[in-house]
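Please examine the structure below before reading on.

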Amino acid sequence: MTAGGEEHEPLISSSVDNQRVTYSNSPQGSSPNDSPRASGGEVTLAIPQSKSYGAIGGAEKVTYNWADVNAFATEDRSRNRKFWNFWRGSSDRMFQQRKQLLRNVNGAAYPGELLALMGSSGAGKTTLLNTLTFRTPSGVVSSGTRALNGQPATPEAMAALSAYVQQQDLFIGTLTVREHLIFQALVRMDRHIPYAQRMRRVQEVISELALTKCQNTVIGIPGRLKGISGGEMKRLSFASEVLTDPPLMFCDEPTSGLDSFMAQNVIQVLSGLAKKGKTIVVTIHQPSSELYAMFDKLLIMADGRVAFLGSPDQATEFFRELGAACPANYNPADHYIQLLAGVPGREDTTRHTIDTVCTAFAKSENGCKLVAEAENALYYERKISSGWADAAWSSAVTMRARRSPYKASWCAQFRAVLWRSWLSVTKEPMLIKVRFLQTIMVSLLIGVIYFGQRLDQDGVMNINGAIFMFLTNMTFQNIFAVINVFCSELPIFIREHHSGMYRADVYFLSKTLAEAPVFATIPLVFTTIAYYMIGLNPAPERFFIASGLAALITNVATSFGYLISCASSSVSMAASVGPPIIIPFMLFGGFFLNSGSVPPYLGWISYLSWFRYGNEALLVNQWSGIESIACTRENFTCPASGEVVLTTLSFSEKDFTMDVVNMILLFVGFRLLAYFALLWRTRRGK
């Protein structure tokens with residue numbers, strides 16, 4: 001196939017030119033693959049009659065048509081604007097560039113068929129898949145007609161009838177395969193389905209997707225915890241989506257990162273699902289010849305246009321007629337992609353090749369059939385928009401969307417997410433063993449350093465230092481233990497939340513409650529070991545008060561750690577932001593800077609410092625009631641009693657209750673701010 005300025009002979013000699021295309025509804029027994037019937041100058045195409053369904057999810061088979069789909073990427077030319085342009089309104093911005101990503105794309109996916117979207121990089125495969133699933137990212141504007149069983153598709157209907165397997169596999173790595181699927185069954189299936197039926201469905205999916213051998217194996221965390229293989233992980237992604245038995249499935253690059261054997265295994269699974277009557281659409285980049293032979297239909301994209309749509313055998317015949325037949329012993333997929341791929345320095349030749357192939361396909365029988373189906377879809381959409389017809393499932397979708405976007409009730413979501421969070425906590429070795437080992441070692445170290453303090457002049461300073469070490473250790477140990485909790489799971493949470501699995505408040509509450517027993521036990525262990533080794537106030541009630549204060553300080557610090565975690569986009573960002581924010585609160589804790597000498601313009605920081613309230617409460621618990629302190633040296637700085645110690649530090653016994661109340665308020669306030677930060681992340685991630 002050559003390109004140049006001279007005239008070219010038509011590469012397809014077809015009588016389809018200048019023919020009038022009509023379409024008619026076929027009887028129910030007709031197949032969507034029936035060939036068009038030609039009569040003289042007219043081509044009559046048999047369009048399968050739309051099969052109506054009432055309840056959402058009740059359609060056994062779904063035919064998905066799309067017509068005149070266009071997509072534009074808008075790029076604001078003022079993105080590289082100066083700082084002062086940030087404050088200008090949208091009216092002051094420069095014009096926007098519009099790059100067309102998809103150009104009048106028509107297509108159809110039928111039940112029982114595996115449709116592969118192929119093309120070179122930048123051909124528009126992923127853009128088309130995102131447009132078909134109503135998942136276009138910000139900055140991309142799409143238009144066109146999309147129809148499910150002949151009726152205009154909506155995002156609500158698509159979410160109810162389809163499943164979307166994304167390219168990146170995201171799992172809680174400490175769960176086993178079976179535990180993950182049980183959780184998916186609890187939150188994905190309709191609320192009226194009993195528990196026993198859900199478990200039967202889980203076992204069926206495990207057997208169907210060949211996950212029986214690894215069902216009790218942990219999924220794994222790359223670099224930390226060895227788990228299942230890449231092929232098993234991809235099949236687990238499919239299993240998560242087919243639990244609800246959706247009639248329509250979309251898969252984005254399902255073989256990416258897999259070897260040839262695993263890739264063939266994954267495509268075999270998809271082919272098996274298609275043979276059961278499902279409609280499956282996948283994007284795939286340069287498949288092997290074995291994978292190519294397993295596809296039922298191909299949709300080859302080139303520069304945002306449809307270059308071919310049909311079976312592999314039809315593709316061979318189509319390109320042979322164009323004079324670009326695939327050589328013997330050569331991968332057809334590689335040949336077609338290289339034929340339509342852009343070559344640097346030969347842009348004109350590539351553009352002419354793409355125009356020739358796309359025009360030839362538009363005039364072919366398959367191309368005319370797509371045009372007829374597109375006109376049918378457009379005609380029905382106009383009838384609905386003008387009020388002459390109603391979508392059979394539109395009212396059901398509206399009622400369901402109005403009722404709740406979640407299939408499980410709030411309580412069912414809470415039980416399922418709390419169960420998964422608790423499993424994640426108990427199965428994480430770094431969370432339990434290392435934390436308790438760290439607590440025991442630090443408490444022993446502090447106890448040995450400050451061992452056996454007496455109530456004398458030197459002991460006062462040492463005891464005050466040991467108490468502040470209580471505060472510092474409880475803060476930093478627990479903040480850095482939770483600083484990565486939410487930001488590390490943020491991609492998983494955003495994907496599952498936007499899939500309608502559970503609410504944001506359910507996730508936040510479950511995560512915090514699952515870790516609450518750990519943060520209630522750690523301060524008790526720390527206080528039990530170090531308290532009497534140091535020689536603090538020996539009264540039993542003072543020990544229990546100190547333990548309660550340590551637990552409260554721990555939970556306030558944990559709440560602040562949750563706030564940093566929810567507000568940070570990554571673990572590295574949270575670890576970098578944490579210490580600079582914590583240090584000012586520590587400086588205003590009353591140990592490094594006397595509370596009575598805080599500058600007025602910085603006083604607001606001390607009111608937000610749990611170091612101040614915790615330090616004052618612990619010191620009041622230690623020194624209140626101490627009537628005499630032995631003076632070891634003759635000087636005027638020796639405090640005579642515990643009250644003098646508190647007065648020197650600008651603390652008061654009367655403030656003990658307010659210290660506890662203020663720490664409780666900080667605990668609640670930081671938790672609420674963390675939840676709002678998670679909501680902000682959720683809306684931003686959408």
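## Cavities and a pocket

The largest cavity holds about 60 Å³ of space. This is a predicted model, in which local features need pLDDT of at least 70 and side-chain atom pairs count only at pLDDT 80 or more, while totals for chains, interfaces and linings use all residues. Residues are numbered from 1 along each chain as its sequence is written, and side-chain values use heavy atoms, with hydrogens and water left out.

On a 1 Å grid over the protein atoms alone, a cavity is a set of points where a 1.4 Å probe fits but cannot get out; a pocket is an open set with protein on both sides within 12 Å along at least five of seven lines; lining residues have an atom within 4 Å of a point. Grid points are joined across faces, edges and corners, and a volume is the space filled by probe spheres set on the points. The count of cavities of 30 Å³ or more is 2.

| Cavity | Volume | Lining by class |
|---|---|---|
| Largest cavity | about 60 Å³ | 6 nonpolar, 2 polar and no charged residues |
| Second largest cavity | about 40 Å³ | 3 nonpolar, 2 polar and 3 charged residues |

The lining of the largest cavity includes Ile467, Phe470 and Tyr531. Helix H21 (610-623) provides the largest share of this lining, with 3 residues. Helices here are DSSP runs (H or I) of at least four residues and strands are runs (E) of at least two, numbered from the N terminus.

Around the second largest cavity are Ile172, Val417, Arg420, Ser421, Ser424, Glu489, Tyr507 and Lys511. H13 and H17 are the elements that give two or more residues to this lining, and H13 gives the most, with 4 residues.

The second largest pocket has a volume of about 880 Å³. Of the 34 residues that line this pocket, Ile221, Arg224, Glu428, Ser488 and Glu489 lie nearest its centre. Helix H14 (429-449) is among the elements that give two or more residues to the lining, and H14 gives the most, with 5 residues. By class, the pocket lining has 18 nonpolar, 9 polar and 7 charged residues.

## Ile221 and the cysteines

Ile221 lies in the loop between helix H4 (195-208) and helix H5 (230-242). Apart from neighbours within four places in sequence, Ile221 is in contact (heavy atoms within 4.5 Å) with Gly173, Thr174 and Glu428.

The whole structure has 0 disulfides (pairs of cysteine sulfur atoms within 2.5 Å).

## The chain as a whole

The protein chain has 23 helices and 13 strands. Of its 686 residues, 51% are buried. Residues 24 or more positions apart account for 77% of the contacts with a separation of 6 or more.

Notes
Buried < 20%, exposed > 50% of the residue type's maximum accessible area, 1.4 Å probe, protein only. Nonpolar A, V, L, I, M, F, W, Y, C, P; charged D, E, K, R; others polar.
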